[in-house]
Amino acid sequence: MRLERSVRESAIFQLARGAALVLGVFALTPASAAWDQDGQAEWAQRYDADARLTVSRSTTPILSTHTVAATEAAIERLREIAANGGWPQVPAGQQLRLGSNSPVVSALRRRLVVSGDIGAETGASPVFDSYVEAAVRRFQARHGIIPTGVVNQQTVQAMNVPAETRLKQLETNLVRLRSFSHGLGNRYVTANIPAASVETVENGEVVTHHMAGVGKIDRQSPVMQTKAIQVNFNPFWTVPASVIRKDLIPKMQADPNYLNANHIRVYSKDNQELQPEQINWRSLDALNFRFRQDIGGDFNSLGVVRIDIANPYGVYMHDTPAKGVFGDDFRFVSSGCIRLQNVRDYVAWLLKETPGWDRDHIDQVIASGERVDVKITPAVPVYWVYITAWAAPDGVTQFRDDIYQRDGLGVRSAGADSPAPTVVQAARPVRGEGLFPSDDDSYFEERSR
């Protein structure tokens, strides 16, 4: 019994030690959780100070001269690594975690040493100790993988991308970064599609950061420069023709009560409400009618807020009732629009200079359930960009999967295996009022899960 207790205590100590070293990457505690009105926790992320073992969230905007300079420096470092033979491959097929004992762990250590995620002084032991776990978490955080410290298929696949390929990825993205390094405005928003993340920037520093859900591989979010011009509180959702054809008709064929169950009403061209049974669901007759979902943050595809951005693509940014997506590595889930984590913080920042719209007022309007539209004054520049590799001034280099295959290097993860998509052309800067869609989101797919 004493021996068993000693083993358990040792394991607990190792876990606690590993957590103390690396939970600076994603330290989640009940005190750090923000709760919305539906009881959905959106965990805050806290970072500790040990730069060797953690990846701190940078306050440097991804679109900035500082990021350009840091990326140039990262390219020089990676050129040296590539010239010296790159990093070794990590054998696949074996999941490694704290306590694992395998020759593969020694190979893993060598790989992490070359990329700078662990120090050479930690040795070449085949035991997966807390230092290796910390290094794996650091590597995962740099590659957009939830830092569990467990070496799974996705992590191994990212580790085995050759150094030469990562170098080319940095060089390709440096060109993109340089094109967006000046004249962005004092206050602006950047949505980085491959990272599925959004940041607000003011006075040269990131103010808020939001995990996001972006376009699927076959329904891509467009690259564009535009402006956020209006916020819709408690919006209706009108089903677009593409969703009627691809999702709504099949759902109604399978379940004639689907519209009623999901609070969706049918209207004729004369704005007369009809009953679902008046439509021939075995044809495309439904395309002749308008389908509108009632207001409701717990079931409406748009959640409680939609942000209108002027553009010719019929896309925008919005809340979602399906907040679980923000905890996934793979957040390419929409039909082009961008869903936002902690959307109230985002809206409060957008309306910061709009008189009368502080956070308390925003929360009151949402709680009322009434439809309210607010013009953003002044309009805020918004940049949807495609950056798969960059570096921060602290020396941490970030990589993301080339989800839409625009780098031309074939960098994809285990979670992104699918046929190559059709490339959507980047948008030119949009001026004036744009086209506003009803919605693009894969609502029906989510509701069926």
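Biologist: Hi! I'm new to this one. How many helices and strands does the protein have?

Modeller: Welcome! The model is predicted, and its secondary structure comes to 11 helices and 17 strands.

Biologist: And what share of the residues count as buried?

Modeller: Of the 449 residues, 52% count as buried. The accessible surface comes to about 20,100 Å², with 51% of that belonging to carbon and sulfur atoms.

Biologist: What about contacts between residues at least 6 apart in sequence, how many of those join residues at least 24 apart?

Modeller: That would be 69% of them.

Biologist: Good to know. What is the mean pLDDT?

Modeller: The mean is 81, and 77% of the residues reach 70 or more. Over residues 1-51, though, the pLDDT is below 50, and that stretch has 69 contacts in the model beyond near neighbours in sequence. Residues 418-449 also stay under 50, and the model has 100 contacts for them beyond four places in sequence.

Biologist: Okay, let's zoom in on helix α4. How far apart are its end C-alpha atoms?

Modeller: They are 18 Å apart. Helix α4 covers residues 130-142, and 13 residues at 1.5 Å a residue should span 18 Å, so the two values agree.

Biologist: Is α4 enclosed or open, and why?

Modeller: It is largely enclosed by the rest of the structure, because 12 of its 13 residues are buried. Among them are E133, R137, R138 and R142, along with V132, V136 and F139.

Biologist: What happens at the start of α4?

Modeller: There, a side-chain oxygen of D129 reaches to within 3.1 Å of the backbone nitrogen of Y131.

Biologist: And which residue follows the helix?

Modeller: α4 is followed by G144, which has a positive phi, near 70°.

Biologist: New topic: strands. Which strands does β6 pair with?

Modeller: One is β15, residues 372-385, which pairs with β6 in the antiparallel sense over 9 bridges. Another is β11, residues 305-309, also antiparallel, over 5 bridges.

Biologist: Which residues face each other there?

Modeller: Q225 stands opposite Y383 in β15. On the β11 side, the bridge partner of F233 is V305.

Biologist: Buried or exposed?

Modeller: T354 counts as buried because its relative accessibility is 8%, and the cut-off for buried is under 20%. Leaving aside neighbours within four places in sequence, T354 is in contact with V374, K375, I376 and T377.

Biologist: Last one: where is S100, and what does it touch?

Modeller: S100 lies in the loop between α2 (65-83) and α3 (103-114). Not counting residues up to four places away in sequence, S100 touches Q95, V105, P126, V127 and F128. S100 is buried too, with a relative accessible area of 16%.

Biologist: Thanks, that helps!

Definitions and conventions:
Residues numbered from 1 in each chain as written. Predicted model: local features only at pLDDT ≥ 70, side-chain atom pairs only at ≥ 80, totals over all residues. Heavy atoms only, no water. Helix = DSSP H or I, 4+ residues; strand = E, 2+ residues; numbered from the N terminus. Expected span 1.5 Å × (residues − 1). Buried < 20%, exposed > 50% of the residue type's maximum accessible area, 1.4 Å probe, protein only. Polar contact = N/O pair within 3.5 Å; in protein donor to acceptor, adjacent residues only side chain to side chain. Contact = heavy atoms within 4.5 Å. Areas by Shrake-Rupley, 256 points an atom, 1.4 Å probe, with all protein chains shown as cover. pLDDT = per-residue confidence, 0-100. Pairing = 2+ DSSP bridges.
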